[in-house]
Amino acid sequence: MTRTAVIAGAIVALTLLISCDRYIDSRDPVRSLPDAPPVPTNVLAQLNSRSVTLSWDIDNPAAVSRYRVYLATDTVQGFTVKDSTAQTSIVIEGLALNREYFFEVAAVDGNGYEGPRSATVSAVTALLSLTINNNARYTNSRNVQVQLIANSAATHVYLSEDSTFADAVAQTFSAQRGFELSPGDGTKIVFGRYIFLDGSESQQPLSDSIILDTRARIDSAWYLPGGGGTFTAGDTITFFVDAAEVDGEAQVVLSGIDPVRLFDDGTNGDVAAGDGIYSAEWVVPGDVTLNNGSVVGEFTDAAGNEADFLSDVTLTIFSAPLPVQLTLVEPVSSYQMSLTWSQAASADFASYRIYRSSSATVSDADLLVATITNRSTVSYTDTTVAASTTYYYRVYVRNSLGMTAASNTASATTLANTAPAAVVLAGALSDATTVRLTWTQNADADFQSYRIYRGNSSGVSSSDELIDIITSRTSISATFGLTTNRWYRVYVFDKQGLSTGSNAIQITD
């Protein structure tokens with residue numbers, strides 16, 4: 001071949017190359033490039049919580065091997081490949097909250113050729129959540145409040161107990177909406193789906209669960225050891241309430257006694273944790289008295305429902321009352337001793353009993369001075385004492401069951417006695433048959449009586465004829481039958497038996 005022929009062939013080949021649309025330089029026979037993969041259309045970005053679900057359409061799925069998803073946070077900076085999938089949807093996870101993301105999708109054929117990208121779609125991520133009654137675990141009402149969180153683009157929401165929302169109607173979005181749970185106690189799940197301004201919807205249903213519990217019950221209430229038993233202070237009683245459900249609060253109420261709290265967590269004497277039987281050990285305190293008292297179990301379940309149960313067993317507790325403190329014993333006079341003590345704290349109060357002895361050992365076998373049934377009366381004056389004598393006292397508190405508690409012992413000595421002050425026999429008025437005597441009034445605190453004696457001489461004394469006894473201090477006269485030529489004298493007697501005579505006067509004819 002000549003040089004001219006070679007050059008001519010080259011020109012022809014170059015001309016052919018320039019005149020064709022799609023040729024490649026190859027030693028293989030000349031062939032055309034394949035068609036570009038189709039462009040994904042109708043790309044939709046649907047929000048989830050911290051993720052976005054992308055979906056799209058494709059005209060010729062058979063021409064596509066997989067899809068590349070591009071992501072950008074700023075369209076000026078450009079897109080980078082985020083993920084790929086063989087499906088026509090994908091969930092892009094791990095996104096930051098409150099940030100705008102841009103997405104594009106391109107189809108790739110079986111030879112690895114990528115076609116043009118789709119139109120750009122965007123989504124602003126936000127925390128999406130749904131809670132019932134502020135995330136409460138229980139409710140005793142079918143009417144609950146659903147708290148909703150979404151971004152400002154949310155316009156409507158579907159709420160349903162059906163995850164397909166087949167029976168749901170779109171409601172205007174608000175941060176809280178009322179919802180009526182289906183009838184019947186048990187676990188209820190509420191699903192939610194948001195609708196946004198651009199018409200997109202949250203892809204994955206949000207949900208929360210709550211236990212509907214509309215009633216509480218108590219199957220039984222009892223105590224050990226032994227129903228109908230009798231106990232005293234310091235004994236241990238274990239109370240039980242069978243409520244048949246956990247997470248509640250139970251107690252036993254005894255007549256006139258603070259409630260006994262019960263547990264279902266294996267503590268405080270509870271036999272087994274989480275079995276719905278609430279129990280606790282209770283040590284009988286020192287100031288508790290109960291006579292065939294009722295035992296009532298009370299239960300409030302986790303949903304707030306209440307129940308009570310009157311046990312068919314009763315409880316008797318014998319408990320001595322708490323003692324009082326005898327704070328003061330002091331003499332008031334030669335015949336009076338004053339006592340003061342602290343008020344009884346026992347609820348089952350019956351009486352104070354005051355005992356007196358001449359020795360330092362005082363018991364309820366000694367002289368009972370007084371019985372006082374008013375609990376607020378905390379003082380007493382003993383007027384049955386003798387002068388210049390030491391007495392020992394003790395106050396016993398008695399309850400309705402006859403149990404007693406003794407105070408401390410306290411003592412004092414009465415004052416010495418002195419003879420009473422004499423009165424003055426002022427004179428006498430007489431007629432043919434009677435005589436009237438008058439005298440001054442005695443002022444002694446231990447006055448006991450005036451006694452009038454009659455004798456045959458001016459030395460009339462208390463050993464002569466006693467003609468009258470007057471016990472009123474203010475009665476200072478007496479009238480009696482006349483006996484002439486006799487002498488009269490008025491004696492003042494005190495409570496201790498001492499006496500002092502007045503002057504003597506004579507009644508003549």
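Let's start with strand 23 (residues 290-300) and strand 24, which pair in the antiparallel sense over eight bridges in this predicted model. Together they make a hairpin with five residues between the two strands. Look in the turn for glycine 304, which has a positive phi of about 95 degrees. Across the pairing, glutamate 298 stands opposite aspartate 308 in strand 24.

Strand 24 (residues 306-318) has another partner: strand 18 (residues 230-232) runs parallel to strand 24, and three bridges join them. Here phenylalanine 231 has isoleucine 317 of strand 24 as its bridge partner.

Now for the charged side chains. Opposite charges can pair when the charged atoms come close. Searching the whole structure turns up nine salt bridges. One of them brings arginine 68 and glutamate 114 together, at 2.6 Å from N to O. Arginine 68 sits in strand 3 (residues 66-72) and glutamate 114 in strand 7 (residues 114-117), so this pair ties together parts that are 46 residues apart in sequence. Arginine 68 is partly exposed, at a relative accessible area of 22%, and glutamate 114 is partly exposed too, at 30%.

Next, find arginine 454 and glutamate 465, which form a salt bridge with their closest N and O atoms 3.0 Å apart. Is arginine 454 buried or exposed? With 10% relative accessibility, arginine 454 counts as buried, while glutamate 465, at 36%, counts as partly exposed.

Definitions and conventions: Residues numbered from 1 in each chain as written. Predicted model: local features only at pLDDT ≥ 70, side-chain atom pairs only at ≥ 80, totals over all residues. Heavy atoms only, no water. Pairing = 2+ DSSP bridges. Helix = DSSP H or I, 4+ residues; strand = E, 2+ residues; numbered from the N terminus. Salt bridge = Lys/Arg side-chain N within 4 Å of Asp/Glu carboxyl O. Buried < 20%, exposed > 50% of the residue type's maximum accessible area, 1.4 Å probe, protein only.
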